[in-house]
Amino acid sequence: MQRTRRRATVAALAGLCLVAVPVACGEAPGAHAPVGTSGGPLRIGVLLPDNTSRFYHFDKPMIEKRIHQLCRECRVETVSAQHEVATQQEQMDAMITKEVNVLILDAVDTKSLREPVESAHRAGIRIVAYDRLVEGPISGYVSFDGAQVGRLQGEALLTALGARAHGDRIVMMNGAATDPNSAWFKRGALSVLQGRVRIAKSYNTAGWRPESANSNMAAAISALGPQQIDGVYSANDGLAAGIIAALKAAKISPLPPITGQDAELPAIQRLVSGEQYMTVQKPFAPEADTAATMAVALARGRSLGGIATHRVNSPTTRGIPAVLLTPVAVTVHDIKDTVVKDGMYTVAQICTPKYAAACAKAGLTT
């Protein structure tokens with residue numbers, strides 16, 4: 001099969017720039033290149049980082065459904081990397097061998113996937129970066145405004161600390177250093193927290209793993225003392241679970257306010273029980289819908305100009321057509337108007353017998 005090949009212009013930048021500039025969007029390098037298999041169905045691969053997080057349980061079925069709605073002739077293949085970089089690299093190679101037309105890629109490690117991204121580009125395969133901005137020549141990007149996520153988390157933490165917040169000691173549990181979103185969230189949070197609280201300890205959490213957050217939090221408690229932690233900035237809900245376990249193991253009560261992100265069901269239940277102060281809901285349906293729309297457009301050789309509303313820069317590529325969606329802060333007081341109203345969970349799913357009394361107190365079952 002002959003494919004049109006174009007090499008993207010790669011601009012090496014000093015560092016990651018995720019500042020999106022709202023402009024009328026053009027196309028990614030090579031966006032008009034026809035990429036369909038001659039006489040055959042269009043093929044779209046979806047590569048996810050794991051099969052345990054919201055990406056697999058929420059985003060995956062939404063992406064697949066939307067692709068089939070937009071493109072009945074399209075075939076979709078979805079795989080999970082189980083958090084392993086090497087596995088995702090092998091999956092990328094397999095997709096290239098299968099000559100898919102477009103890949104929707106949620107990278108385990110945005111730097112380590114650069115080489116297979118370049119290989120896919122040379123093979124004429126267009127790539128839509130999903131949720132994380134992978135390095136290399138990609139054609140489109142869809143995610144949430146990471147700086148706003150961090151700001152929402154920081155603002156909520158200050159609200160929880162109250163008038164006494166000035167000078168309070170907090171621990172920052174950031175995401176993986178290999179994920180550019182982690183730095184994006186952190187910058188947003190620090191724009192709110194710096195000068196208002198003391199950052200007593202700050203950690204990057206390897207692989208976004210809750211067990212690593214647990215170890216880091218245990219180290220912070222040991223270094224600072226169990227009564228010297230007024231709040232915890234947790235970059236997401238999985239990390240919050242590990243943090244809370246460490247605080248409980250140290251018999252810290254009451255728990256300090258703890259942030260989160262992704263509105264996972266266990267996190268919503270922790271909001272109800274008072275163990276976690278807030279999370280950030282990132283409405284998955286618009287993200288999944290946009291990624292599917294981008295992928296189908298690229299598979300048909302069309303520009304993303306009518307879809308993308310921003311442009312972003314990665315360390316390797318400038319002016320990537322992007323859509324950045326708006327996140328929403330959720331506390332116990334917002335559950336009905338956010339995750340329940342949007343159909344993520346029902347009250348029955350949240351208010352299991354273990355949480356029945358707390359749900360009644362929060363007004364969820366009354």
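**Close-up views of a predicted model**

**Figure 1. Confidence along the chain.** In this predicted model, the mean pLDDT of the chain is 89, and 89% of its residues reach 70 or more. Residues 1–38 form a stretch over which pLDDT stays under 50, and the model has 99 contacts beyond four places in sequence for these residues. Where pLDDT is low, the predicted coordinates should not be read in detail.

**Figure 2. The largest pocket and its lining.** The largest pocket holds about 550 Å³ of space, and 28 residues line this pocket, with Asp-50, His-83, Arg-132, Gly-207 and Trp-208 lying nearest its centre. Two elements, α1 (54–70) and α5 (180–193), are those that give two or more residues to the lining. When the lining residues are sorted by class, 9 are nonpolar, 9 are polar and 10 are charged.

**Figure 3. Helices α2 and α3 side by side.** The axes of helix α2 (residues 85–97) and helix α3 (residues 114–122) come within 10 Å of each other and cross at roughly 5°. Because angles under 35 degrees count as roughly parallel, α2 and α3 are therefore described as roughly parallel to each other. On the α2 side of the contact are Gln-89, Met-92, Asp-93 and Ile-96, which meet Pro-116, Val-117, Ser-119 and Ala-120 in α3. The residues of this contact divide into 5 nonpolar, 2 polar and 1 charged.

Figure 4. In the loop between α7 (237–249) and α8 (265–273), the reader can find Pro-254.

**Figure 5. The backbone at Gln-82.** Gln-82 is found in the loop between β3 (75–80) and α2. Although Gln-82 is not a glycine, this residue has a positive phi of about 55°.

Terms used: Residues are numbered from 1 along each chain as its sequence is written. This is a predicted model: local features need pLDDT of at least 70, side-chain atom pairs count only at pLDDT 80 or more; totals for chains, interfaces and linings use all residues. Side-chain values use heavy atoms; hydrogens and water are left out. On a 1 Å grid over the protein atoms alone, a cavity is a set of points where a 1.4 Å probe fits but cannot get out, and a pocket is an open set with protein on both sides within 12 Å along at least five of seven lines; lining residues have an atom within 4 Å of a point. Grid points are joined across faces, edges and corners, and a volume is the space filled by probe spheres set on the points. Helices (H or I, at least four residues) and strands (E, at least two) are DSSP runs, numbered from the N terminus. Ala, Val, Leu, Ile, Met, Phe, Trp, Tyr, Cys and Pro count as nonpolar, Asp, Glu, Lys and Arg as charged, and the others, Gly among them, as polar. pLDDT is the predictor's confidence in each residue, from 0 to 100. Contact means heavy atoms within 4.5 Å. Axes are lines fitted to C-alpha atoms, for helices over the stretch in contact, and angles run from 0 to 180 degrees between N-to-C directions. Angles under 35 degrees count as roughly parallel, over 145 as roughly antiparallel, 65 to 115 as roughly perpendicular and the rest as oblique.
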